[in-house]
Amino acid sequence: MVSKTIMCPNCKNQITIEGSPGERKIITCPKCNTRGGFSFPGEGAISKVVSGSSAIEIHGLTKTYNGLKAVDNLSFNVRKGEIFGFLGPNGAGKTTAIKALLGLIHADTGVMKIDGHNMRDESIEAKKKLGYLPERANFYKNLTPVQTLDFFCELKGENKSVILPLLKEVGLEDAINKKVGNFSKGMVQLLGVAQTMIGKPSIYILDEPMGGLDARWVKSIREKIKMLNKQGATVILSSHILSEVQNLCDRVAIINKGKLIAEDTVSNLNKYLNIKPRLEITVKGLDGKVPSIINELKGVEAANAKGNTLLITCESPIRVKVISALEDAGFVIENIITIEPSLEDAFVKLVEGDT
Amino acid sequence: MVNFNLKTVYSIAKKEFLDNSRNKWILVLTGLFIILPLLISLAFSGTDKIFGGMDNTVLGLVAISSLLIPFVAIILGFSTISGEDENGALSVVLSYPVRRIELLFGKILGLGSVLVVSIFIGFGLSGVIITLAVGEASWAPFIAFILYNIGLGFVFLTGSIFISALCKSRTRSIGGAILLYFFGPIVGMFLMAIGAGMGYKVAEFQFPPWMLDYQIPLSPPDLVQTAVPVAYGTKVIEYSGMIINIPEYMTYAYFAFIQLTWIIIFIILGYLLLKKREI
Ligand SMILES: Nc1ncnc2c1ncn2[C@@H]1O[C@H](COP(=O)(O)OP(=O)(O)O)[C@@H](O)[C@H]1O
Ligand SMILES: [Mg+2]
């Protein structure tokens, strides 16, 4: 049996529930009678500092800022060789947890290990095989990228022959003589990524690696992560945008208000959260009503209309049918957008359930 | 046991040197180091020589250097920790196998090298030009002048690194840096206020006899302004319009001891703050 405290999405009442790992429960808030579902994290998600084969172990981590628990008794393990998504909305405590793990900030309590090294007294050893990309990386404005990586190579005792190939790998080969002070935000981020790869780390910790970058760079960073993982590295990456990472991660942990609320494989999570993209269709002269042909269409799970936009939740094969059904009925479609599920959707589902 | 990797310290020092020696402010100030001594010696050229003569020039330079060197040192150090913390570079460096004490000493060494190079290029070069022009110079006091100025630079460098470890942001560090720069004059005003309270007519330049005993150790620029004349054999200095006898105990060893004490205090405080700091 495990117990969990969750918050009622309606009246913010704290409810403590009990269940077994993986179990799904329907709860009624004793205060306001709102009904909702909750899934306990699956087996293996209940973390203990046991396995020597974990890449990262966090146990009982708490960090308080001015009386507010930014991270609250957080525990999870990252297994060797996996891509692990560390997810939560803005302000959930992801960056705080990562910084406490690295010893950049001082935790109130908690035992943290990287590659079996206790970060209390063996952090220098642990950091030799670690690559870290902070949320906001910036470097020395008067140095070139070559000089910057030269510095980081020296700190890790790495041969400098890796510098040019690394810069080429992240696509900065045309900027090797430019000062980093003149780099764009995306280029600085790429230099940050290049820096993490120095010394061939076995563990990567990336804090919002795609944060604020445009689609082209997001794709390139996503590919880089896949490639590093293929070469055997463990990758933990944080994000507040579920869609950005859900096809990338083997397992994810979701935190909210400093507390772990789910830890599982992405497919399990998606299964019990039943998250799907939504279709937003702009129809000429719709007038706030869902056309009856849509309501009758098989496979449409939810349909809402607001003004001249139609919001439809369905599996992707059904989307084509939705559009042709609308056109057959004589509606003029002006625009179609797919809205990827956001983590906020996942949250609502985690606490509220989909019933 | 303190673990300390000299190679790491050297790498950090090298990076600081490369980054800061290209800082345009430092380049401008180094330019001033070259131009001001020449202007000063021209100002002293009221006598028959073109360059005034080195000793006079040096004495005139102290006034300039004790204003300029703290300024350069503060520019180099005031945001070296707070600024890199704010922009994220520090968290990357500390995710490498780097101890915070290595980071601190690397910064002192690297920024200190920029400072020393800038002092040498400026005063050294002008020293040579003046010597060539004048043909006679007393080298020992000139070397003392250079060393005291380097000491002054390190007092303010370690002081400004302490400020940058104390302040959370670059903006706050600016406030701290201004306080540090004006610490000497503030001490002076404080001492005069005490003197006035004790019945000395401070407004008529009647200072308490113990004024220098406190002013010199507490105000590093005033220390250099006293130490250099002492190196040139002077027994009295002009202080705010009044001629004051320099106390007998103020020797080379005394001045060096005070400068070193400041540097050590700032390094210890800086280390304690950096160790506690949340990056
Ligand atoms: N240095 C700090 N001082 C005070 N509060 C902080 C500090 N850093 C983070 N917090 C607070 O801790 C919480 C978690 O922040 P953070 O770890 O940055 O979240 P995330 O990375 O998930 O967006 C937030 O409420 C934030 O305001
Ligand atoms: Mg964050």
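Where in chain A is the place of Lys200(A)? Lys200(A) sits in the loop between helix H5 (185–196) and strand S11 (203–207) of chain A; helices (H or I, at least four residues) and strands (E, at least two) are DSSP runs, numbered from the N terminus. The legends below return to this residue after an overview.

**Figure 1. Overview of the predicted model.** This is a predicted model, in which local features need pLDDT of at least 70 and side-chain atom pairs count only at pLDDT 80 or more, while totals for chains, interfaces and linings use all residues. Residues are numbered from 1 along each chain as its sequence is written, chains are lettered from A and ligands numbered from 1 in the order in which they are written, and side-chain values use heavy atoms, with hydrogens and water left out. The predictor assigns the complex an ipTM of 0.89 and a pTM of 0.81. For chain B the average pLDDT is 87, and 90% of the residues score at least 70; pLDDT is the predictor's confidence in each residue, from 0 to 100. Where pLDDT is low, the predicted coordinates should not be read in detail.

**Figure 2. The magnesium site in chain A.** The magnesium ion (ligand 2) is coordinated by Thr95(A) through OG1 and by Glu135(A) through OE, at 2.0 to 2.5 Å. Donors are N, O and S atoms within 2.8 Å of the metal (3.2 Å for Na, K and Ca); water is not among the atoms, so sites may look incomplete. Thr95(A) belongs to helix H1 (residues 94–102) of chain A, and Glu135(A) to the loop between strand S10 (130–133) and helix H3 (145–156) of chain A, so the pair ties together parts that are 40 residues apart in sequence. Thr95(A) is buried at 19% relative accessibility, whereas Glu135(A) is partly exposed at 37%. Buried means under 20% relative accessible area, exposed over 50%, and partly exposed in between (1.4 Å probe, protein chains only).

**Figure 3. Helix H1 of chain A and the residue after it.** H1(A) is mostly covered, with nine of its nine residues buried. Among them are Lys94(A), Thr96(A), Ile98(A) and Leu102(A). Just after H1(A), Gly103(A) takes a positive phi of about 80°.

Figure 4. Most residues other than glycine have a negative phi, and most peptide bonds are trans. Asn73(A) is not a glycine, yet has a positive phi of about 50°. This residue, Asn73(A), lies in strand S6 of chain A and is exposed, with a relative accessible area of 52%. Lys200(A), also a residue other than glycine, has a positive phi near 45°. At 61% relative accessibility, Lys200(A) is exposed.

Figure 5. Side chains of opposite charge can pair when their charged atoms come close. Asp72(A) is buried at 16% relative accessibility, whereas Lys259(A) is partly exposed at 37%. Glu263(A) and Arg251(A) also meet in a salt bridge, at 3.2 Å from N to O. Glu263(A) lies in strand S14 and Arg251(A) in strand S13 (residues 251–256), 12 residues apart. Both Glu263(A) and Arg251(A) are buried.

**Figure 6. A salt bridge between the chains.** Asp150(A) and Lys14(B) form a salt bridge at 3.9 Å, N to O. Asp150(A) lies in helix H3 of chain A and Lys14(B) in helix H1 (residues 6–20) of chain B, so the pair joins two chains. Asp150(A) is buried at 19% relative accessibility, and Lys14(B) is partly exposed at 27%. A network of salt bridges links Asp150(A), Glu154(A), Lys160(A) and Lys14(B).

**Figure 7. Cysteines in the two chains.** The structure holds zero disulfides over all chains, a disulfide being a pair of cysteine sulfur atoms within 2.5 Å. Cys314(A) is buried, with a relative accessible area of 1%. Cys167(B) is buried as well, at 10%.

Note on methods: A salt bridge is a side-chain nitrogen of Lys or Arg within 4 Å of a carboxyl oxygen of Asp or Glu.
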